[in-house]
Amino acid sequence: TDRGQGALRERNNLFPVERKYVLSFKGKRYVWGVGSVVRNALYNIHNSKDIILLTTCIHGANWYKYEDKLCQNDNVVYTGYDFEDLMINSSFCLVPRGRRLGSFRFLESLQFGCIPVSLSNGYVLPFSDVIDWKITSLNVDERNLFQVPTIVRTVSSDRLLAMRLQAQFFWETYFSSTRKYVLTILEILRDRIFSHLSRSYEQWNFPPGAIFNRMHLVNNNNNNLFTVVIHIYEVVTEDRIFGMLSNIRNSEYLCEIILVTHQLLRLSDSENLRILSKTELKQFQFQTEAILNLEFNQIPLLEDLEFGLQIWKSFPNRLVGFSDTSHLWDPKQ
């Protein structure tokens, strides 16, 4: 959202840690229909001192048809506070559900360095599959509205400062522009498609962030190399392993050979060799984009392997080669 652009000058607004207002909100109130229950109850915890929760019924062309006895007074109090000043001077900003579960108020809170307090059951926060919102926001059940003042007052100054730093980091890194927002979406998709190159929890949630600390699919140092993954399903000796791998290990394009087995192997020459279990392989971060997947008894000649690598480099988004155990020649086709 572009609303509240004056907050950009306050992006480093870290101090004082405990601001003038503990909790604030300024927005629409729905007298009837979806979203009305939560916002109609906000006035109960507004105290005109350090908890400022302001609502207005004046929205939409026919608002006066639905106004209740609170509307007139609400509207007078509502106009007495500036939106930006209220958020800049608040430690926590309430994000109650409206007509929809989501609200732009959540991102606005991050922009102002105000800790969001989400009050919307079932709402999935943006990019929550990679961003850990628990370290920078609070999520309260809608039914526990009256407990919110107690909850925010129990947050220590140290934790409040840490959450504010995290909020500003998330805003600046992933949400502060359309370009960053789109880049974040693309990076999440990249992690899903190329899971072996996906970023860690730390890379997404701590500076400099995933879109700046990107692990490119084609690494500049390894873009001409390949990794060989060999699955071993039988008990094999060291001599047999080295005999089968001798041709591959002579390739100038080899980065690493990974042996996937549950057998306890201790190899005398482990250069460019790594032994992993199937579980470890799922979490392994490869150093190359080109990955050759083989079974132990189906290792090709070196010239065939390198020829396949050159073909793959011409079509990097396609699979090259196939497993001869699952493809049988049928002369009728």
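**A colleague's note on this predicted model**

1. Contacts across the chain. The protein chain holds 11 helices and nine strands.

2. The chain has 333 residues, and 45% of them count as buried. Its accessible surface comes to about 18700 Å², with 53% of that belonging to carbon and sulfur atoms.

3. Which residues of helix 2 (residues 71-78) are buried? They are Cys71, Asp74, Asn75 and Tyr78. These residues sit on the same side of helix 2, because the arc they cover around the axis is only 100 degrees. The general rule behind such a pattern is that an α-helix has 3.6 residues a turn, so residues three or four places apart point the same way. As for the cover, strand 1 (21-28) and strand 2 (51-56) are among what lies over the buried residues of helix 2.

4. Thr55, seen from strand 2. Thr55 is placed in strand 2. This threonine is buried, because its relative accessible area is 7% and the cut-off for buried is under 20%. Leaving aside residues up to four places away in sequence, Thr55 touches Phe25, Gly27, Lys28, Arg29, Arg39, Leu42, Asp74, Asn75 and Tyr78.

5. How many disulfides does a search of the whole structure find? The search finds two. One of them joins Cys57 to Cys71, with an S to S distance of 2.2 Å. Cys57 lies in the loop between strand 2 and helix 2 while Cys71 is in helix 2, so the bond ties together parts that are 14 residues apart in sequence. The link of Cys57 and Cys71 is left-handed, with -85 degrees about the S-S bond. Cys57 is buried at a relative accessible area of 3%, and Cys71 counts as buried at 0%.

6. The other pair. Cys93 and Cys114 also form a disulfide, with their sulfur atoms 2.1 Å apart. Left-handed or right-handed: which is the disulfide of Cys93 and Cys114? It is right-handed, because the torsion about the S-S bond is about 110 degrees. This pair links distant parts of the chain, 21 residues apart: Cys93 is in strand 3 (residues 90-96), and Cys114 is in the loop between helix 4 (105-111) and strand 4 (115-119). Both Cys93 and Cys114 are buried. With the bonded cysteines numbered in sequence order, the pairing reads 1-2, 3-4.

7. Is Cys255 buried or exposed? Cys255 is buried, as its relative accessible area is 18%, and the cut-off for buried is under 20%.

8. Backbone details worth a look. Most residues other than glycine have a negative phi, and most peptide bonds are trans. Against that background, Ser48 has a positive phi, near 65 degrees; this serine lies in the loop between helix 1 (36-40) and strand 2. Phe127 is not a glycine either, yet its phi is positive at about 60 degrees. Phe127 belongs to the loop between strand 4 and strand 5 (138-139), and is buried with a relative accessible area of 11%. The peptide bond from Pro207 to Pro208 is cis, with omega near 5 degrees. Pro208 is found in the loop between helix 8 (201-205) and strand 6 (226-231).

9. Which residues make the nonpolar surface patch of about 520 Å²? Tyr181, Val182, Ile185, Leu186, Leu189 and Ile193 do. Of these, Ile193 lies in helix 7 (residues 178-193). Ile193 is exposed because its relative accessible area is 62%, and exposed means over 50%.

How values were computed:
Residues numbered from 1 in each chain as written. Predicted model: local features only at pLDDT ≥ 70, side-chain atom pairs only at ≥ 80, totals over all residues. Heavy atoms only, no water. Patch = residues over 30% accessible without salt bridge, like charges linked within 9 Å, V, L, I, M, F, W, Y side chains within 5 Å. Areas by Shrake-Rupley, 256 points an atom, 1.4 Å probe, with all protein chains shown as cover. Salt bridge = Lys/Arg side-chain N within 4 Å of Asp/Glu carboxyl O. Helix = DSSP H or I, 4+ residues; strand = E, 2+ residues; numbered from the N terminus. Buried < 20%, exposed > 50% of the residue type's maximum accessible area, 1.4 Å probe, protein only. Arc of directions from axis to C-beta. Contact = heavy atoms within 4.5 Å. Disulfide = S-S within 2.5 Å.
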